[in-house]
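Please look through the structure shown here, and then work through the questions and answers that follow.

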Amino acid sequence: LALEERKRVLRHVEQLFSGESPGVVEYLARNTNDSTFPIFADLTPLYDKHAAPKGVCFSILDINQKRQADATRKRAQEQLDRSQKMEAVGLMTAGLAHDLNNILSVISATASNLELEYEDNAETQQDLSSIQAACNRGGEMIRNLIRFARGNPEQKEKISVNNQVREIAMLLSNLVESRISI
C-alpha cells in the first residue's frame, strides 16, 4: 500500500477488531516504479485458537483497468451525446431552412408579380429588384444551412465584395432617414 494510506488502514483494522466491518475499501497501492494505482481491499480478521486477534487478511483487487475502461466508456458516451446533439441541431436546421425557404418563395413570387404590375415605375422596380436580390441571398443562406444539416462540406465561391456592399447599401438606403447618407 502507499505510505499515505497507512493511517486509514490502521483505522480500518481497529474498526474490524472492534466488531465493525469497514466493508470493501478503496486504497491507493504503490508499485515498484513508485507510481500509485487504485485497489479494492476486503479486510478479514484473523484470530488464534484462543479467539485473540492475530492479524488481518487483505483480499486485494486491482481496479486500475476497470477505472481506465470506465473512463474510456465515459468519453465514448460523451462523444455519442455530442453526436446526437449535432444530429438534433441538423434536423432542426433542416426544418428551419425548409420553413424559411417557403417564406422567401412567397416574398419572391409577390415581388415578381409586383414587377409586372409596376413595370412603368422605375423607383418601384429598383425596390422590387432589391427584394429579389435579398431573396436570392436568403436562398443561398438556406442552401448553406441544408448543406450543414446534411453534413456536406461548405462550398466556397468567389464573390464581388463591391457588389455585395452596393446591394446592402441599396437595401439600407430605403430603411434609413434621408438625412443619413450611406
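Q: Is A52 buried, partly exposed or exposed?
A: This is a predicted model, in which local features need pLDDT of at least 70, side-chain atom pairs count only at pLDDT 80 or more, and totals for chains, interfaces and linings use all residues. Residues are numbered from 1 along each chain as its sequence is written, and side-chain values use heavy atoms, with hydrogens and water left out. Buried means under 20% relative accessible area, exposed over 50%, and partly exposed in between (1.4 Å probe, protein chains only). Because A52 has a relative accessible area of 27%, A52 is partly exposed.

Q: Which residues is A52 in contact with, leaving aside its neighbours within four places in sequence?
A: A52 lies in the loop between β2 (36-47) and β3 (53-62), where strands (E, at least two residues) and helices (H or I, at least four) are DSSP runs, numbered from the N terminus. Contact means heavy atoms within 4.5 Å. With neighbours within four places in sequence left aside, the residues in contact with A52 are L46 and Y47.

Q: Is H12 buried or exposed?
A: H12 is found in helix α1 (residues 6-17). Its relative accessibility is 9%, and therefore H12 counts as buried.

Q: What is the length of the polar contact that joins the side chains of H12 and Y27?
A: A polar contact is a pair of N or O atoms within 3.5 Å; within protein, one must be able to donate a hydrogen and the other to accept it, and residues adjacent in sequence count only if both atoms are side-chain atoms. Y27 is also among the residues that H12 touches, not counting residues up to four places away in sequence. The polar contact between the side chains of H12 and Y27 is 2.6 Å.

Q: Are α2 and α3 roughly parallel or roughly antiparallel?
A: Axes are lines fitted to C-alpha atoms, for helices over the stretch in contact, and angles run from 0 to 180 degrees between N-to-C directions. The axes of α2 (residues 64-117) and α3 come within 8 Å and cross at roughly 160°. Angles under 35 degrees count as roughly parallel, over 145 as roughly antiparallel, 65 to 115 as roughly perpendicular and the rest as oblique, so α2 and α3 are roughly antiparallel.

Q: Which helix do the buried residues of α2 pack against?
A: In α2, the buried residues are G90, T93, A97, L104 and A111. These buried residues of α2 pack against α3.
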